[in-house]
Amino acid sequence: RRICHVMLQHLAVYITLKRMKANSAVSSDFAIAARGYCQWCESSASERSDSLAAYWLSRLYSQALLLPKVEPENEDGLPELPAAALMAATTNLAAFAGRYYREVFDPDPLLDDEPCMGDIGDDLLDTYKDVRAGLVLYERGETNEALWHWSFLHRIHWGRHAVGALYALHCLAISQGSENAL
């Protein structure tokens, strides 16, 4: 009986370590995508094309689906973004501002929601702010906090902006008859 109990304890530790290793790989993969998106937003040398915007949004969104479920360790909220980085991203993403599209906030067919206007530039910037704030936490070594913020804000905020912009970019490329449609 004692041997069984010890074996179960070892198995529990093994499973926990395995999950931690898997979570570490997923968090690292998301951080790489987040860093890439933020560098694209912040760098004045980056190409500002619809296809690159769609690439980064789809990469972030797909990686976010794999984020582990974690609980926050504190209630400090999101950190301040580096002012120079935020200013650079705001300036660089201005090329997308004013590109409006119609959307329905809640697509439930039983609701009677009126369409509203989305803005690709606003979507890209809001996504940047949420993802960059998590990246600040991640780079400070607060991995669990970063994961929680990325995952939570993906569900309630930046995920909606990302899919809204991605849908708009796709539809606009098709409606404009672009030969290089996304």
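This is a predicted model: local features need pLDDT of at least 70, side-chain atom pairs count only at pLDDT 80 or more; totals for chains, interfaces and linings use all residues.
A pocket, as I use the word, is an open set of grid points with protein on both sides within 12 Å along at least five of seven lines, and its lining residues have an atom within 4 Å of a point.

I will start with the chain as a whole. The protein chain has six helices and two strands.

The chain has 182 residues, and 36% of them count as buried. Among contacts with a separation of 6 or more, 72% join residues 24 or more positions apart.

Now the pocket. Rolling a probe the size of a water molecule over the atoms shows where empty space is left. In this model, the largest pocket holds about 330 Å³ of space. Its lining consists of 14 residues. Nearest the centre of the largest pocket are E103, V104, F105, R160 and G164.

Which element gives the largest share of that lining? It is α6, with five residues. Helix α6 covers 158–175, and β1 covers 100–103; each supplies at least two residues of the lining.

Seven of its residues are nonpolar, three are polar and four are charged.

That is what I have for today.

Notes: Residues are numbered from 1 along each chain as its sequence is written. Side-chain values use heavy atoms; hydrogens and water are left out. On a 1 Å grid over the protein atoms alone, a cavity is a set of points where a 1.4 Å probe fits but cannot get out, and a pocket is an open set with protein on both sides within 12 Å along at least five of seven lines; lining residues have an atom within 4 Å of a point. Grid points are joined across faces, edges and corners, and a volume is the space filled by probe spheres set on the points. Helices (H or I, at least four residues) and strands (E, at least two) are DSSP runs, numbered from the N terminus. Ala, Val, Leu, Ile, Met, Phe, Trp, Tyr, Cys and Pro count as nonpolar, Asp, Glu, Lys and Arg as charged, and the others, Gly among them, as polar. Buried means under 20% relative accessible area, exposed over 50%, partly exposed in between (1.4 Å probe, protein chains only). Contact means heavy atoms within 4.5 Å.
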